[in-house]
Amino acid sequence: MVIQYVATIIIALIILQLISKFKKDRVSWPRTLIWILFWCVGIFVVWFPETIAKIAQVSGVGRGVDIIIYISIILLFYLLSNQNTKIDELNKQITKLTREIAKNNAKTK
Amino acid sequence: MGLNKSDAYITIPLYNDSKMILKVIKSLNDNGYNNIVIVDDGSSDNGYELVKNNTNAIITKHIINRGQGAALQTAMEIAIDKGAKYIVHFDSDGQHNPKDIQPMLNTLIEGNYDIVLGSRFLKKNKIPLKKRILLKGGILFTYLFSHIWLTDVHNGIRVMTSETAKKLNIQHDRFEHASEILDKIKILNLKYAEVPVTIKYTKYSMSKGQSISNSINIAYKLISSKIRE
């Protein structure tokens, strides 16, 4: 099926990008490894959809596509909340920095 | 034990309030308060220059806007560094009356309190209905959230000892700081009192006050930070 080739190309590009980011020292190696593994599983599922269909049947979800949607949503929410925590942390650091500059500025007067 | 007004540092967060700030500083000076710390919170107007060139107040600037809570915390830290014995929170928009500070300080010192909060409901104030409903809701929320029953919440005028100010350490950068302070009164077991104050509602100060949607946002942020603890 065409969709399998399209999906493979897209995933391959994502993996290549990951590797190039890792080479530029922008992502740590455990993170790179986890994501490459994740996308490899993706390619596997694209070419052997019956495996995921089996899991869906055994677990009681029914359709293979449904299980992927469920997992994706859980993953997305998890990543989103991680991002929020990080943004909060960044905000705190920015405030700290701004405060230090302001305090130094007050001293010189 | 008499009150020496130079022991009190007035801390004012300033954000796009250049219209009122000089008047506010002057009225404080006229009432004998000369230790004023102003933190301009990344305003886009010329308030910082106005204050710097025309008054004897200590002024500094957050180079980017970080919110009222953050600015107040910066102002308090500067005041503590300067040797403040008492710290007064005061608004920049002219809604507070400097004459209210003295009775609050007196209560703080004579009653050996850690913090004294201003209450607009203990005095006859003309409070617009919308504001009244919002504040009563805030009072209820504070009771449910922090388990302290007050007659007023989110009133910007407060007086405290510098020890209290050190302990408070405001973490919420935006408007939630007002609820955070009340929450910390409970957590830190601070001895607190409320003193009647006047609030002058003008079209100007109303336009800068808090809205209903903002209140919901504050409640949401407080609850989510409590869950995370």
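This is a predicted model: local features need pLDDT of at least 70, side-chain atom pairs count only at pLDDT 80 or more; totals for chains, interfaces and linings use all residues.

Biologist: Okay, salt bridges then. How many does the structure hold over all chains?

Modeller: Over all chains, the structure holds 8 salt bridges, and one of them joins the side chains of B:Lys26 and B:Asp30, with a distance of 3.1 Å from N to O.

Biologist: How far apart are B:Lys26 and B:Asp30 along helix α1 of chain B?

Modeller: They are 4 residues apart in helix α1 (residues 18-30) of chain B, so about one helical turn separates them.

Biologist: And is B:Asp30 buried or exposed?

Modeller: B:Asp30 is exposed, because its relative accessible area is 56% and the cut-off for exposed is over 50%.

Biologist: What does B:Arg66 form a salt bridge with?

Modeller: The partner of B:Arg66 is B:Asp173, and the closest N and O atoms of this salt bridge are 4.0 Å apart. This pair links distant parts of the chain, 107 residues apart, with B:Arg66 in the loop between β3 (58-62) and α3 (68-81) of chain B and B:Asp173 in the loop between α6 (162-168) and α7 of chain B.

Biologist: Why does B:Arg66 count as buried? And what about B:Asp173?

Modeller: B:Arg66 has 5% relative accessibility and B:Asp173 has 14%, so each counts as buried, for which the cut-off is under 20%.

Biologist: Which residue pairs with B:Arg120?

Modeller: B:Arg120 forms a salt bridge with B:Asp152, where the closest N and O atoms are 2.7 Å apart. Here too the pair links distant parts of the chain, 32 residues apart: B:Arg120 sits in the loop between β5 (115-119) and α5 of chain B, and B:Asp152 in the loop between α5 and β6 (158-161) of chain B. B:Arg120 is buried at 3% relative accessibility, and B:Asp152 is buried with a relative accessible area of 3%.

Biologist: Switching to helices, at what angle do α5 and α7 of chain B cross?

Modeller: The axes of α5 (residues 129-146) and α7 (residues 177-187) of chain B cross at roughly 40° and come within 10 Å. That angle makes α5(B) oblique to α7(B), and the crossing is right-handed.

Biologist: Last topic, chain A. Which residues form the nonpolar patch on the surface?

Modeller: The patch is formed by A:Val65, A:Ile69, A:Tyr70, A:Ile73, A:Phe77 and A:Leu80, which together have about 600 Å² of accessible area. Among them, A:Ile73 lies in helix α4 (residues 64-108) of chain A and is partly exposed, with a relative accessible area of 40%.

Terms used:
Residues are numbered from 1 along each chain as its sequence is written. Chains are lettered from A and ligands numbered from 1 in the order in which they are written. Side-chain values use heavy atoms; hydrogens and water are left out. Patches are made of residues with over 30% relative accessible area and no salt bridge: like charges are joined within 9 Å, nonpolar side chains (Val, Leu, Ile, Met, Phe, Trp, Tyr) within 5 Å. Accessible areas come from the Shrake-Rupley method with a 1.4 Å probe; for residues, only the protein chains shown count as cover. Helices (H or I, at least four residues) and strands (E, at least two) are DSSP runs, numbered from the N terminus. Buried means under 20% relative accessible area, exposed over 50%, partly exposed in between (1.4 Å probe, protein chains only). Axes are lines fitted to C-alpha atoms, for helices over the stretch in contact, and angles run from 0 to 180 degrees between N-to-C directions. Angles under 35 degrees count as roughly parallel, over 145 as roughly antiparallel, 65 to 115 as roughly perpendicular and the rest as oblique. A crossing is left-handed if the near helix is turned anticlockwise from the far one by less than a right angle, and right-handed if clockwise.
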